[in-house]
Structure formats: C-alpha cells, structure tokens
Amino acid sequence: MRHLTDHDDLRYVASDDLCPADLRDAITNALDALHRARQYVTTTRDKLDKATRAVDDDYRDTVQALAAAVIDDKRITFTDAIAKHQTRRADATSLQDAYKLSERVESSCRHNVARIHRTYRADLIQWVARHRAANLTASGIILPPTVYAIHKALAPMWHPRHDPMLELSDLYHNGRLSRLPIEWSITVPSMVRASIAWMWQQVALGHFVIVADGDYVGRIRVTSTVENLPEMPPTPPHRVGKDVDYLTETR
C-alpha cells in the first residue's frame, strides 16, 4: 500500500494545477521546513566531525610534545596542557548536544509532513475529485497513476444517506452506501454512472463535509441536492448488465 508520507507524491500534489491553495501551501511549507532541518543536521554533523578530529589530533600532539619534553629533560606543566585540551573537548561536547538537538528538530519536521494527510484529508479528497471531474463522463482508466494511487491510499468512505434521485443502491454494502468507485466500466448502467459522477462532481466543487462525529465519523457527506445529473454515454447494448462488478474498478 502506498503511503501518503511519500514526499514525491506530496510534491506532485503541490505542483498540480488542480491542488487547492491551502493544501499547496501546507505541503510546500512542510517540505521546505524539513529541507531546512536536514541542512541543519548536515551542517552540525560536519562541525561535530571536525571538532572530534581536532580533539583527537590535539590529544595526540599534546602527548607527543610532553613526551619530547620529558625525553629532553625539560620542565613540563600538565595543568596548561589539560586546560587547552579540556577547552577543545568542551567545544566538541557542545556540538554533540547541538547535533542531537538538530536530529530531534528534523524528526519533528518529518512528523509535520506526515500529519498533512490527516490535517488536510478533505483537501486531498477534493483534489482527487477534481481530477475525476475533469473527465467526468468518461469510462475506463482516466486518472493519472499518482492520483489514482493517492486515492487508493486515502480509501475514502461515504455517508450512507444521499439524495434519493441518485441510483446508487447497486453499490450498497450491507444495505447502505459505503464506497464509490473513482473509475468505472462502460458496462455500468448509464444512470448509475451518472449518479457516481455527480457525487464526485459535488466533492470537486467543495459541496461536502467530512463527518466529524457520530456513527459515520470520517466519511464524506455531500451537502448539495440533485438538480441535473451529468449526461453519460450510453452503455453499448450488447454489454448491458454483462459482468458488471460495481465496486471493482478498472485497474
């Protein structure tokens, strides 16, 4: 199953002309923040590596200098050598703390990206619906692969109550509406196709809510009523009712 934390998918959404403005801004800001956080991690890690090498080099040089002095029977002072080395160690320790902190910041920014699919779920669903509505009456495979994959990952469910003018009963599960296909075969009767298309069209237009509480929390509820259904191409006579599986999409 594709995950909505995939950054390439999110960049695709943000760069798409049909992306809602709020969603585009959220994705752009979150990914930019993550990029900056990763740059801080890289920069801090490089400084830490340099400081760590400096500590090791300084310790080695100090030992060699003190040993040479002892060999030459010169007076040595460990206090000054220790003080200098401790200063370098303190710098490295501070950078170690900074590096750990930068990793925590990066982790927080990564979680911020991961939250987009929850915080902006309605916008993502509307974006998918806009792609469906762009070819509203077409049958078969019509969505770009990435859009279709994101739709499958979202796995939207629908509120069971809908306008009685719609012919959706063939899609009921356990006596009620639950899911709608995003793509369909020409074998599906034209009135059923028109009803499904109308539902997606309303979502594309923003005439929906995501149910916030109750038995159907998280489901899509269309808020408009039917005035006109899309006019669909007729089903070829020799294919009417043949091998129709309403909930099996075209791929």
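Modeller: Gladly! Let us start with a term: helices are DSSP runs of at least four residues marked H or I, and they are numbered from the N terminus. Asn 174 is found in the loop between H6 and H7. Please keep in mind that this is a predicted model.

Colleague: What about Ala 155, where is its place?

Modeller: Ala 155 also sits in a loop, the one between helix H6 (145-154) and helix H7 (190-204). Its phi is positive too, about 45°, although Ala 155 is not a glycine.

Colleague: Now the whole chain. How do you know whether the protein chain is spread out or a compact globule?

Modeller: First, its make-up: the protein chain has seven helices and two strands, and the order from the N terminus is α-α-α-α-α-α-α-β-β. For 251 residues the globule rule gives 18 Å, but the radius of gyration is 31 Å, well over that, so the protein chain is more spread out than a compact globule. Along its principal axes, the C-alpha trace spans about 110 × 35 × 35 Å.

Colleague: How much of the protein chain counts as buried?

Modeller: Of its 251 residues, 40% do.

Colleague: How do you know what span to expect for helix H3?

Modeller: The expected span is 1.5 Å times one less than the number of residues. Helix H3 (residues 78-114) has 37 residues, with 54 Å expected, and the reach from its first C-alpha to its last is 54 Å, close to that value.

Colleague: Which residues of H3 are buried, and what do they pack against?

Modeller: Among them are Ala 81, His 85, Tyr 99, Glu 106 and Cys 109. The buried residues of H3 pack against helix H1 (7-15), helix H2 (21-71) and helix H4 (116-119). Packing here rests on contact, meaning heavy atoms within 4.5 Å.

Terms used: Residues are numbered from 1 along each chain as its sequence is written. This is a predicted model: local features need pLDDT of at least 70, side-chain atom pairs count only at pLDDT 80 or more; totals for chains, interfaces and linings use all residues. Side-chain values use heavy atoms; hydrogens and water are left out. The radius of gyration is taken over C-alpha atoms; the globule rule is 2.2 Å times the number of residues to the power 0.38. Buried means under 20% relative accessible area, exposed over 50%, partly exposed in between (1.4 Å probe, protein chains only).
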